Amino acid sequence: MLSRIASCIPSALEALRANKSRSILTTLGIVIGVVSVIVIMGLGQGSTAQITTQISSLGTNVLTIMPGSTSSSGIRGGAGTQSSLKLEDAEAIESSVQGVSAISATVSGSAQLVAGSQNWSTRIQAVEPAYQQIQNWTVASGAFFTEADNTGARNVALIGSTVATNLFPGGETPVGQQIRIRNVPFTVVGVLASKGSGMGGDQDDTVIIPLRAGQIRLFGSSSINSVLIQASSSEQISQITTDVSTLLRTRHKIQSGASDDFTVRNNSEMLSTITSISKTMTYLLGGVAAVSLVVGGIGIMNIMLVSVTERTREIGIRMSIGARASDILAQFLTEAVVLSILGGLVGVALGVATVLVIPKTIGMATVVPLNAIALSVGFATLVGVAFGVYPARKASLLDPIEALRYQ
């Protein structure tokens, strides 16, 4: 049968060439379906790879402690209203828990910045000096603030490159300049090296100040938003998580059996969760896009049925000079499969071109999804076979006498 189908390919191409416009329109459904699958899978895999890189760059040995408990669905109860963490908790962890190489309490919020005649709204993060090591920040110019700056609650700040561009558009050096945060003057002691966009948006659109200066002069609260912990090694994450939980439950006087009033997360868990969600969404959207391949297959079946009707007399002539039913079946089935494969190949070309253009036009990360390409072309071929069988069988079952009488 395969050799018979192969021998029918030239005649199938000739038949499709004779009806160019109809053949092109028929394959549009397959083309759109293949392009959709490739683009969605390319965006999904690109986003997953980007997120993985960003979280890995922060280190898989970093723990984050946040106020509020975690429900069974993974949502923190009372997020944004809890104030169960204090600076003393971070100090207790640093002094009591083994395996902690760096720790920083953080308080954050948004504020309006003013420098000369320029102003800019951004995120303010009040942290301790170890924050630089934990978050892997490097300083492009100037220097990070010191422990003395933090304990002395000095009004010094480091600004991200986005903030520097917007507050100092003239190109002047920000280091040494004064900016006002909520009308409180701060001296810029450094500009952070650019990190680009991350999960929370533009990572360079930020200002970092000493924790105590932030608590005293900007946020006016003794509670903290989170505690970041860097473990000496990834192998110690589990033990540190246990030790931190035990310590905080004791300090917060939480009774046995009662829920925690804090949440401990590590980057590995976050990476695993986000990657799993991203893959699920990608495959879900890819499956939805694949439905258009089925729709394209229905279009092929309709056109092949029309073709059988138009060429009934031709079928009768072929049968009268010796063609068998299997020859007619192979002929029309080959035409349907060729239509699907051509549509699939055109879809692959357009899909790959789109995937390559997206990062340069809208900045989203993409990957050329080789598995999706193979899968979509294979599925398109299968669709051609599945939806080509019925019209091909209908043609092969025609009565030669009745076919010759058909006008």
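## Close-up views of a predicted model

View 1. Helix 2 is the main contributor to the lining of the second largest pocket, giving six residues. Please keep in mind that this is a predicted model, in which local features need pLDDT of at least 70 and side-chain atom pairs count only at pLDDT 80 or more, while totals for chains, interfaces and linings use all residues. Residues are numbered from 1 along each chain as its sequence is written, and side-chain values use heavy atoms, with hydrogens and water left out. A pocket here is an open set of points on a 1 Å grid over the protein atoms alone, where a 1.4 Å probe fits and protein lies on both sides within 12 Å along at least five of seven lines; its lining residues have an atom within 4 Å of a point. The space inside comes to about 200 Å³, counted as what probe spheres set on the points fill. Among the lining residues are Arg17, Lys20, Thr27 and Leu342.

**View 2. The largest nonpolar core, with 46 residues.** A nonpolar core joins buried Ala, Val, Leu, Ile, Met, Phe, Trp, Tyr and Cys residues through side-chain atoms within 4.5 Å, where buried means under 20% relative accessible area with a 1.4 Å probe, protein chains only. Ile65, Ile179 and Ile181 touch the most other members. Strand 2 (residues 100-115) brings the largest share of this core, six residues. Apart from it lies another core, of 31 residues, including Ala323 and Val383.

**View 3. The surroundings of isoleucine 181.** Which residues is isoleucine 181 in contact with, leaving aside its neighbours within four places in sequence? They are Ala111, Gln112, Leu113, Ile124, Phe186, Val207, Ile209 and Leu218, with contact meaning heavy atoms within 4.5 Å.

**View 4. Strand 7 and its pairing with strand 6.** Two strands pair if DSSP finds at least two bridges between them. Strand 6 (residues 178-181) and strand 7 run antiparallel over four bridges, and arginine 180 stands opposite proline 185. In their hairpin, which has two residues between the strands, arginine 182 takes a positive phi near 50°.

**View 5. Strand 7 with strand 5.** Strand 5 (residues 156-159) pairs with strand 7 in the parallel sense over four bridges. Here leucine 158 faces glycine 190 across the pair.

Key
Buried means under 20% relative accessible area, exposed over 50%, partly exposed in between (1.4 Å probe, protein chains only).
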